[in-house]
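Hi everyone, thanks for coming along. Today I'd like to walk you through one structure, taking it a piece at a time. Have a look at it first.

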Amino acid sequence: MTDAWTRRKFLERAAGTGFAASSLSLLAACGSSSSSNGGATAGGTVTQWSDVTEAKSRAYFNTAIVSGFERQNRGIKLQVSFRRAEDLERQTRLALQARKAPDIISTNGPAFIPELADAGLLADLSPYAARGHWADDLLPWAADLGRVNGKLVAIPTQLEALGVYYNQSLFDKYGWKPPKDRAELEALAAEAQQRGILPFAGGSADLRQQIEWYTSVFFSHYAGPTVMYDVLTGKQPWTVGPMVEAVALMKDYFDKGYFGGGLKKFFATGGDAYHAQLAGGKAAMSMEGTWFFERIDTFFSPAHAEWNFTAFPSLRKDVPYPIYALGTGSTLSVNEASKSKDAAAKYIEFLIGDRKRAAKWLADQGSAFSYPLRFQAGDFPTTMDHRLRDVYASLAEATSNGNLGYTNWTFSPPRAAVYIYEKVEKVLTGDMSPEDYLKGVGETFQHDLDAGYKPRVPNPAASA
Amino acid sequence: VTDVLQQSLRVRADQGASTTRMRTRSMRRKRSVTALLFMVPFLAVNAIVILGPSVATVYYSFTKWSGLGTPSWVGLRNYRDMLTSSEFWAAATHNLVWTVIFLGFSLTLGVTGAVLLAQVRRGRLALRLLYFLPYTIASVVTASIWQNIYDPDRGVGRFLSHIGIGNVAVLGDERYALPAVSFINVWAFWGFIVVVCMAALQSVDPSLYEAARIDGASRWQQFRHVTLPGIRPTLAFLIVITIMFSLLVFDYVWITTQGGPAGATEVVGTLLYKEAFERFDAGYAAALGVSSTAVCGLVGLLYVALRRRGWEV
């Protein structure tokens, strides 16, 4: 038997058991404390619509989270129904308007929160957060994303970061190393193309707005965190030099066929097709978010190939490496009209209140259950896939040093976000210049600001 | 005596006629009330699911509203914005192009198919079913099938690259995307036209063809001077509904290209959806919806007006 019980392993397991026991008692203490502080005993039924997509993740959600929460909170029933991710936001808005929304409100990101809060649809979570010390658990940049007019009304969930997946087997075969800067990237792309291999697999046929992954990466990795922060907070215009150059470089890379083998093919290729290209060695890399961890083995296992993940290269001298364009795939709030507000807040606390428990969910299921918590290497189970552990450890370290980028769907207000991913296609097809495009983004951004959609942007300097 | 008798008979006859008239009127009224009573459930459902939302949509089109909270009245601003928006005109133009392709191909293929099928003696029913089959398939399935056919690496693209024409990505090319997507609609719809036209062809008097043949008319002349006039009312109706479907198209575009690439397949329906559920400008989206409905209504009214003026349509 290879899995012999060494002294080290015994100590690790013993420590794990000890931690589990202590965390359970701590949770029990937290539970009793919050219910007594809640002013009313939490109870009743909490309803949630979730966009967890994979069947195995849904089953895990029911066993690990729903049952776990109900076990720990006797008297509260959690009812989760699953919806298609692309429909959830629309269905939630319609239900809110009809006063038929669930107790837990999910949105596609912090940019959507102010509007709901201004309409008085979200409960103030500040008292619950203060009592449960939620800020101690959440990453600093994430803790304030759901605050509107001084009130905490949402908690970001599904920590996401954009990076590069690469075919490790292919890289080993040709002796390639993941590129860290622009020169290395361009050299690798040229060599791959010479060998008839696509530098990056990619395509937006399934979801047109996937192009925003690319704008997010080029803005973050070329313009850099400081410029991006200034632009998103209105201190600099969108047409500032590095932003224009970032868009021009993106077009140049598409013209060279780096992504998906050319623009037309990129527009006409869907996710399954390009993931198969990556796993099958027809493409060397793919620029995508951490959410793909959940499904990556369905492509690499049949291809008998190994994969790995790293940060996208820095594209300009002044931009540090590694940087991760960060995002949150959704936020959770409590419906102001809910009759089970205390119980709903308890559920949110259950999700974010224990790093080790959340790390286990992450280890078991990948990105489907990735909460933006202050994870440390020791939080993750030793059985966790080392690539996943390395990514989240690297992510925590990079963002703690202020090396964070900004994803469009998390940090851009709604109209500007749509403009960014729709009109950039016109830049790529040559129908619009980068300058005109960014001028249009700036005008739409201002329109959003005037309408009260002010993005909450973490300051890279403050994070450092 | 005779006069008195005659007068009495006249009075009785008048009374009888009046009673009959009253009875008839009463029966008619009863029938109308009964019919109305039977219609009440349907009218109620229509009032709830069509009239109510329609009136609400017209109201929202005069407001600034995100879809949440209270709308604020802005008068005609949404309509003014719409008419001055290049995006709207581009989308409306795409609807027109769609109409030309959809109408032209569907009708030509449909009528030709029906005329040819009418000549077939054996297996006509099977062929009719075969033509009609695409119409019965859900649009999402049809669109997915064609997405695979158009795929640059698996479908047409692969075939073309085998014969030396490489790098063909139909849905990724601004020039071909709109015709390609509208052709999917043609493929799904033309079988319906075949079946409807075949039914219309059966109502054309066969003696007219016989007379035309005796007069020495060619096949083409028979088609032009006998078949077409014979099925003209059906054709006019098909043209009207095809134009309406083209103006309201959404599903095939949304499933295959979502309006892309670079807005090349954006139609008013997809623009409306994006305004309502991506940009959260429900008031403006309502204005787009009301305008599309108004244009469709005009097409319908034109059809009715032409019929009333005695046009054989």
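Let's start with one pair: A:Arg387 and A:Asp385 meet through their side chains in a salt bridge, 2.9 Å from N to O. By salt bridge I mean a side-chain nitrogen of Lys or Arg within 4 Å of a carboxyl oxygen of Asp or Glu. The general idea is that side chains of opposite charge can pair when their charged atoms come close. A:Arg387 is buried, at 10% relative accessible area, while A:Asp385 is partly exposed, at 28%. Those words have cut-offs: buried is under 20% relative accessible area, exposed is over 50%, and partly exposed is in between, with a 1.4 Å probe and protein chains only.

A quick word on the ground rules. This is a predicted model, where local features need pLDDT of at least 70 and side-chain atom pairs count only at pLDDT 80 or more, though totals for chains, interfaces and linings use all residues. Residues are numbered from 1 along each chain as its sequence is written, chains are lettered from A and ligands numbered from 1 in the order in which they are written, and side-chain values use heavy atoms, with hydrogens and water left out.

How many salt bridges are there over all chains? The count comes to 28. Another one joins A:Asp379 to A:Arg355, with the closest N and O atoms 2.7 Å apart. A:Asp379 sits in the loop between helix 17 (355-365) and helix 18 (386-400) of chain A, and A:Arg355 is in helix 17 of chain A, so this pair ties together parts that are 24 residues apart in sequence. Helices here are DSSP runs of H or I with at least four residues, strands are runs of E with at least two, and both are numbered from the N terminus. A:Asp379 is buried at 7% relative accessibility, and A:Arg355 is partly exposed at 23%.

Now, where do the two chains meet? 34 residues of chain B are in contact with 34 residues of chain A, contact meaning heavy atoms within 4.5 Å. Together the chains bury about 2,700 Å², 49% of it on carbon and sulfur atoms. That buried area is the accessible area, with a 1.4 Å probe, that two parts lose on being put together, summed over both. Between chain B and chain A the count is seven salt bridges, and B:Lys274 and A:Glu422 form a salt bridge at 2.9 Å, N to O.

Next, the inside. Which residues touch the most other members of the largest nonpolar core? They are A:Trp238 and A:Met243, in a core of 134 residues. A nonpolar core is a set of buried Ala, Val, Leu, Ile, Met, Phe, Trp, Tyr and Cys residues joined through side-chain atoms within 4.5 Å. Beyond its neighbours within four places in sequence, A:Trp238 contacts residues including A:Phe219, A:Met243 and A:Phe445. Apart from this core lies another, of 43 residues, among them B:Leu201 and B:Val253.

Last, some strands. Strand 1 (residues 44-50) and strand 2 (residues 76-82) of chain A pair in parallel over seven bridges; pairing takes at least two DSSP bridges. In strand 9 (residues 307-310) of chain A, A:Trp307 and A:Phe309 point one way, A:Asn308 and A:Thr310 the other, and all are buried. Strand 9 runs antiparallel to strand 6 (residues 155-167) of chain A, joined by four bridges, with A:Asn167 opposite A:Trp307.
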